[in-house]
Amino acid sequence: MANSHQMPPNLCPIIFLFFFAILVLASGVRAVGVNWGTAASHPLPPPEVVELLKSNNITKVKLFDADPLVLQALSGSNIGVIVGIPNSMLRSLNSSKKAAESWVHDNVTRYFSNGGSGVRIEYVAVGDEPFLQSYGEQFHPFVIGAATKIQEALIRANLESKLKVVVPCSYDTFQSESSLPSKGHFRSDLNKTMIQLLTFLSKHSSPFFVSISPFITLHQNKNISLNFSLFKETAHPHNDSHRTYKNSFDLSYDTVVSALSTVGFPNMDIVVAQIGWPTDGATNATPSVAETFMKGLMNHLHSKLGTPLRPRNPPIETYIFSLLDEDQRSITAGNFERHWGIFTFDGQAKYPVDFGLGSKNLVNAQNVEYLPSKWCVVNNNKDLSNATARALEACSVADCTALSPGGSCSNISWPGNISYAFNSYYQQHDQRADSCDFGSLGLITTVDPSVDHCRFSVELRTSQSDSLHGSFFFHWTTWLIATSVFLLRFT
């Protein structure tokens, strides 16, 4: 008589695969995604960006808003998506249940994939780093209310089990006066709000989203060296009691862990919402340094070693900042802000990155459509006594960040830097003839004026004209920054 407990042969491979899957999950496999920002005057068309993501096997993407064209392009891609709610919407969402329900209907329910061809939305990010210190407290009163109302709207839409509500927190949300992770805490002006946020996240089993910026930490902290920021083995380690820190990432990450513990949430999952290294606009912001940083970061994440406070427990997800350069990002924090991309604005890889899928070389965007090969330069046959003033006017609207000290165009002398400013304005305005006038000082040429690493770009054949005509305040503040930064460059 056969043994009644003998396993049917066809079940063996199924059970093997089941236990293999459990082992894979238990081994701490962590996802790496990218931030996809669209603050560009001439953004790559969303379908081309989605192809760029797919061709580079990038399986997760974090958005800063819920642009319909972007979500349509992501539909059916099977890429995990974080949709964002801009800070400007927090007040209305905080005060109106109806506004929250409308937002969820228009930006989540409409696109959500239930295994079909929709968008695989995994998180709703409420606000874009609303606690950033430079914002003051203007968004603080609305964040928790907005997150709560979005959560309630998801419950009413029967989606609460499918995706989670999170609030991305900036790199300056947490701090340690002694630079020791064990002394990490949240900013005092945030304590009450942060406890409310963490209570909300814990209730819904949502992770804590936080940005870590070794680049900015390097610039702000004299005790941090470049080698320590770049995961170099030769870097001088930092000791905190009996714990040894060999890189800036671990130091910052464990400062967050300590801050969470201090307010009673020692075991909360962490997602690194933004981390990267810029390639222009400042000292140490070059493609070669960025490549070194990214290689060190990827090796560290893939090793699954974790940190001294969380050994073998790395962040559950990490999002590289960012996918593409954005020439309309605010430069209040620094001129490097427009150069975080691992790809240039037109989707060309700046350096190799190994996302852990066996290929180190990135695949460039294909079939990119450019404006004609024309540039605007200064006319050397004219009286150039007024040229600096004209260049500053151009830079108040256009992107001249590559001219800043340490930038890729900082070494081109006068009047080459004037030409760079003129061309940037000309390209941003779709090469219109009147945008290369500058009081008759401009001259249109078909000879590429690029010099060495200083690229005089030709813009893409696509335009979001709205982004060129922002508020007067934005252009006024940008002009003030441009004047202070670039005045020396044009004299």
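Reader: How many cavities of 30 Å³ or more does the structure hold, and what makes a space a cavity?

Author: One. On a 1 Å grid over the protein atoms alone, a cavity is a set of points where a 1.4 Å probe fits but cannot get out. This is a predicted model, where local features need pLDDT of at least 70 and side-chain atom pairs 80 or more, while totals for chains, interfaces and linings use all residues. Residues are numbered from 1 along each chain, and side-chain values use heavy atoms, without hydrogens or water.

Reader: How do you know which residues line the largest cavity?

Author: Lining residues have an atom within 4 Å of a point; K62, L63, F64, G84, I85, A125, G127, D128 and P168 line this one.

Reader: Why is α13 called largely enclosed?

Author: Buried means under 20% relative accessible area (1.4 Å probe, protein chains only). In α13, 11 of the 13 residues are buried, so the rest of the structure largely encloses it. Among the buried ones are I418, Y420 and F422.

Reader: How do you know that the span of α13 fits a helix?

Author: A helix here is a DSSP run of H or I, at least four residues. The expected span is 1.5 Å times one less than the number of residues. For residues 416–428 that gives 18 Å, and the end C-alpha atoms are 18 Å apart, so the two agree.

Terms used: Helix = DSSP H or I, 4+ residues; strand = E, 2+ residues; numbered from the N terminus. Buried < 20%, exposed > 50% of the residue type's maximum accessible area, 1.4 Å probe, protein only. 1 Å grid on protein atoms, 1.4 Å probe; cavity = no way out; pocket = protein on both sides within 12 Å on 5 of 7 lines; lining within 4 Å. Points joined across faces, edges and corners; volume = space filled by probe spheres on them.
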